[in-house]
Amino acid sequence: MRKASSAVWKKLKPEVNASENILVKNSFDVDGGNFDTAGTVSTRIKSILKEQGLPSDVVRRSAIVSYEAEINVVSYAKRGVINLTVTPAAVEIAVNDEGPGIPDIEKAMQQGYSTASQQIREMGFGAGMGLYNIKSYSDRFDISSEVDKGTFLKMIILIQKP
Amino acid sequence: MKLREVKDILEASVVVGEEKLDMEVSTAFGADLMSDVLAFAKAGSILLTGLTNAQIIKTAADRSIAAIIIVRGKEPSTEAIEMARELQIPILSTKYILFETAGILYSKGIVGCLKKVDGDFYK
């Protein structure tokens, strides 16, 4: 039986207009299970955002959430895609993976809850902080998941705070 | 303080970055959990950790960490050394445990990259 669930956290209500001027639109593939390349996409995202001259706080928060999300894809999924969109108002990082999905999102969001393997823990991850950090550093965070299918995350980091 | 002085007071060996020992450092962060390094470490700080794999180098690079000090006498993995060379992040190794390493550095004027994590931290 497949089970779909989703949740949204909003600290602020960003008015992100779809027709707004898009400054950057990029798509990156992430290889599930390949710990050698884990982190490569986030490093790329960080340098793109730096090149755009975004405030260092926005670059920092975007780098943290994309790094954690990328580690999750590598740790749990078969493959994933990270889409980066930058408008004058916000950075949007959307992550779609093909993987086991998350049966209980509420539980997965708790600090310290983890289903990570020993290999992931030995790398210094898998202590149940990833999704919590992503939520904490995003201005808006959407998550939805279907068991045996995959997980979708969308993080919005505002450039101009209302 | 120069990284060279950090090396001397911790009786550390230089694994990578002999040429970067004149770099100035003033803050540090210590953790074995890379999610916490991502969340809390500040750019330009030194990272004290007991982990030895390549992921610490990538995480350090992502957070613009100035140098890594591996504690408890551990040696970084071959992959970590290669990656540190590539990304030009110095690695020192000390026999002191994390608590002692932090205490020694603190007593010589190095402070935490942040003091505490309170309510408004994430904003």
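## Met34 of chain B

B:Met34 lies in helix H2 of chain B; helices here are DSSP runs of H or I with at least four residues, strands are runs of E with at least two, and both are numbered from the N terminus. The model is predicted: local features need pLDDT of at least 70 and side-chain atom pairs count only at pLDDT 80 or more, while totals for chains, interfaces and linings use all residues. Residues are numbered from 1 along each chain as its sequence is written, and chains are lettered from A and ligands numbered from 1 in the order in which they are written.

With 31 other C-beta atoms within 10 Å, B:Met34 is buried (20 or more is buried, 12 or fewer exposed, in between partly exposed, with C-beta atoms placed from the backbone). Leaving out residues up to four places away in sequence, B:Met34 touches A:Met123, A:Gly124, A:Phe125, B:Gln55, B:Ile56 and B:Thr59; contact requires C-beta atoms, placed from the backbone, within 7 Å.

## Interface

Chain B places 15 residues in contact with 19 residues of chain A. On the chain B side, helix H2 (34-40) and helix H3 (54-62) are the elements that give two or more residues.

## Sheet

Chain B has an open sheet of six strands in the order S1-S5-S4-S3-S2-S6, with mixed pairing; a pair needs at least two DSSP bridges. Strand S4 (residues 67-70) and strand S5 (residues 91-93) of chain B run parallel and are joined by three bridges. B:Ile70 has B:Ser93 in S5(B) as its bridge partner.

## Confidence

Chain B has a mean pLDDT of 95, with 99% of its residues at 70 or more; pLDDT is the predictor's confidence in each residue, from 0 to 100. The model scores are ipTM 0.80 and pTM 0.87.

Notes
Contact = placed C-beta atoms within 7 Å.
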